[in-house]
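These are my notes from going through the model, entry by entry. I wrote down what I looked up and what came back.

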Amino acid sequence: MALDDRKTEFTFVGTSPDRPDGMDKVTGRAKFGADATAPGMLFGAIVRSPHAHARIVKIDTSKAEAMKGVKAVVTRADFATGLTGEFWNVLENVMAGDTALYDGHTVAAVAAGSAIDARDAAKLIEVEYEILPHVTDVDKAMAPDAPVIRAGTADSSVPEGMHPNVVRYHESGHGDVDAGFAEADLVIEDHFKTEATHQGYIEPHACLASLGADGKGELWCTTQGHWYAQKHCAALVGIETSQLRVTASEIGGGFGGKTTVFIEPVALALSRKANRPVKLVMNRSEVFRATGPTSSTSMDIKIGMKKDGTITAAQGIFRLQGGAFPGAPMEFSAMCAFAPYALENVKQMGYDVIANRPKQAAYRAPGSPMAAFAVESVLDELCNQLNLDPIDVRLKNASQKGTKASYGPRFDAIGLVECLEAAKAHPHYAAPLEAGQGRGISCGFWFNHGGETSVSLALSEDGTVQVSVGTPDIGGSRASMALMASEVLGVPYENIRVTIADTATLGYNDVSHGSRVTYASGLATIKAAEAAVQTLCQRAAAKWGIPEDAVKWEDGCAVPSGPNAGDFDPLPLASITANMGATGGPISGHFEATPEGAGVSFGVHIVDAIVDQETGKTSIPRYTVIQDAGKAIHPTYVEGQFQGGAAQGIGWALNEEYIYGEDGRLQNTIFLDYRIPVASDLPMIDTVIVEVPNPGHPFGVRGVGETGIVPPLAAIANAVSAAAGVRLRELPMSPPRILAALKDNG
């Protein structure tokens, strides 16, 4: 789509009406995962390994099976066999086979008539373990003497001589980094580490499953992608995909952590064995121990710069552990790390390392925040030592349209320069700092994603509209879809209802992830609405007795396309639909595709920090987010995404971390010990929406859900380092780490 063809003036898009699901959520009427019930429902409970790494010698379920009220017990033997690749890895995480690979790994499950009976029965299941050596640190997992966690898991990309725990390798870049470093006036090389963090969604995983002996099943669950859940659950329990109908509940937070399955296949297996519906709900400890956090990382960054601020070369090595399974997003870390900058010489390498931890899951721009922390920290130090303005340096080197990205392709229209200019012009950047305060900035990048998408739209006789989408609403997308449909049809926002369809009523839809929903489902909604408009114009043409191409759609009405088409009064949509049964039948629109014009996303954050030199405590008095949204469909929700990413980044940078003991067990499994930010920890977060239209979308949309969490770690680290007077290289920058850094600095 050419830029000149894109819609630039809007009636509904760009407004911020109330969300259509708001009333249900504030009154408690909305149904979340744990709200589902069914006649004859049983309750499930899971037995989890208390060891970081152990061979399962024997499982004795006899006492549990003999307990009154128990209707089913399942182990690995109750799941499909012969699975390979992706399905095998998912199964291995859902239910341990011969070996428990991390603290909290599922080894058995039970279903009983009450939740209390299920928990009591789970305690009666006896598991005999042979404890094996374990490793939870990414660097130690790569060491020559590290225990081998899963032999034979590595793919062909891994260089020879690496430890078997290194399972994938990535390398990209261009130019000659050695020659580039030789041109630099200053080269800084540094090492950084980040600990794993959890998405921290308030709603735990929950599902209700029913699977009969005939192989037909129903699943209600809290998920970001019910077609994904359908595909994997069906494979794991050995039934045809089409025989499992999956409905997505309302979701109480996901942020990438509900893009896979954990308990759903277990509930289905229990249901099949008991021939009754089974409900499974995780407690908070289970969420932390057994669902996917981010990867922990170890990174080496080297950047060369001239005295005028020109970056001559950049190199990064990114080691990410993704738990006991392949899939740590090291290639995303590597490809995102230097993407904000136009570099002639750049090289990035990534290592996917397995360790005795739960299988990592996505968390808003997986892999990118950690890379930005390391790269932007080195850039900040270069600016400090060369006495250069940090925004001017970034502007001098900023990627723009035509820049060859560090990972290969050339960028189309992007808004990084505009974001940096907005940051420099913002009052926050020029505001004076008080004694003891530090200010930091950072750029951030995310790819964005299209993905398989299907949308159906139907007009009612009274002129109202029903839109069926397949992407669970995790950020207000129902409102955004309604606004885009309103814009095309000319129908008031209040007259459009958007429904999240189940897997039996719409074509396949990819997961709500990758900042894809407003872009991809929005594009499909626009195209479906345009298909309906075409039919509406055909009906008007038939009524007026003129050619179809002599009719156009304008402000919710069919009108003659010009004076030569005839003199007819505008024909409103409701007038056409009122008689559609007699003029050709129902009017609807449908669209399905895998759109590939998602358009990359950039943002810039400015942060002020205060560090208490005696306690090491950090406070954030001021925070500003500037990000390119392409076109903000619902500006209030866009601002909410910006602010949410910043809030989560504050937690990640300052407090949040997985803490494992010497025994390999997770020590902080509740919110009292794993501390996410609360309102009193957060400042007012200012936002600036930059709009550089994305050429790949009819309205110019770029996804905004992920880029917002990329800059905070680095921006806060730069602010804290300035305030403390010492460079912080490890996250989180908790009070003990800050005090240790201050002590080491003398």
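Entry 1: I began with Y660, which is buried at a relative accessible area of 15%. This is a predicted model, and I counted side-chain atom pairs only at pLDDT 80 or more. Since buried means under 20% relative accessible area, Y660 qualifies with its 15%. Y658 is buried too, with a relative accessible area of 2%.

I then searched the whole structure for aromatic pairs and got 21. One of them joins F288 and Y674, with 4.8 Å from centre to centre and 45° between the planes, which makes it tilted. Where do F288 and Y674 lie? I found F288 in helix α9, residues 284–290, and Y674 in the loop between α18 (635–654) and β26 (685–690). The pair therefore ties together parts that are 386 residues apart in sequence. I checked burial for both partners: F288 and Y674 are buried.

Back to Y658 and Y660: their ring centres are 6.2 Å apart and their planes stand at 45°, so I logged this pair as tilted. The cut-offs I applied call a pair stacked under 30 degrees and edge-to-face over 60, with the rest tilted.

Ring pairs also build a cluster, whose members are F332, Y407, F411, F445, W446, F447 and F602.

**Entry 2: charges over rings.** I noted two cases. K302 places its charged end over the ring of F181, 4.4 Å from the ring centre.

Entry 3: Which residues of helix α4 (residues 115–124) are buried? I listed A118, A121 and A122. They span an arc of only 105° around the axis, so they sit on the same side of α4. On the face turned away from that buried side I found the exposed residues I116 and K123. For the spacing I kept one rule in mind: an α-helix has 3.6 residues a turn, so residues three or four places apart point the same way.

I looked up the packing next. The buried residues of α4 pack against β1 (42–48), α2 (62–66), β3 (70–74) and β5 (106–112).

**Entry 4: strand β1 and its partners.** β1 is mostly covered, with 6 of its 7 residues buried. Its pairing with β5 is antiparallel and rests on 6 bridges; R48 has T106 in β5 as its bridge partner. β1 is also joined to strand β12 (residues 278–281) by 2 bridges, and these two run parallel. There L42 is the bridge partner of V278 in β12.

Strand β9 (residues 206–211) joins β12 through 4 bridges and runs antiparallel to it.

**Entry 5: helix α3.** I listed the buried residues of helix α3 (residues 85–94) as N89, V90, L91, E92, N93 and V94. They pack against β4 (99–100), β5, α7 (226–237) and α8 (264–274).

**Entry 6: helix α13.** The buried residues of helix α13 (residues 416–425) are L416, V417, C419, L420 and A423.

Entry 7: I traced an open sheet of 3 strands in the order β20-β21-β22, with antiparallel pairing. Its edge strands are β20 (551–554) and β22 (571–572), each of which pairs on one side only. Between β21 (residues 557–560) and β22 I found 2 bridges, and A558 stands opposite L571 in β22.

What lies across these strands? Helix α16 (residues 517–544) lies across β20, β21 and β22, and I noted its angle to β20 as about 125°.

Methods
Residues are numbered from 1 along each chain as its sequence is written. This is a predicted model: local features need pLDDT of at least 70, side-chain atom pairs count only at pLDDT 80 or more; totals for chains, interfaces and linings use all residues. Side-chain values use heavy atoms; hydrogens and water are left out. Two strands pair if DSSP finds at least two bridges between them. Contact means heavy atoms within 4.5 Å. Axes are lines fitted to C-alpha atoms, for helices over the stretch in contact, and angles run from 0 to 180 degrees between N-to-C directions. Rings of Phe, Tyr and Trp (its six-membered ring) pair if their centres lie within 6.5 Å; planes under 30 degrees apart count as stacked, over 60 as edge-to-face and the rest as tilted. Buried means under 20% relative accessible area, exposed over 50%, partly exposed in between (1.4 Å probe, protein chains only). A charge sits over a ring if NZ of Lys or CZ of Arg is within 6 Å of the ring centre and within 35 degrees of the ring normal. The arc is that of the directions from the helix axis to the C-beta atoms.
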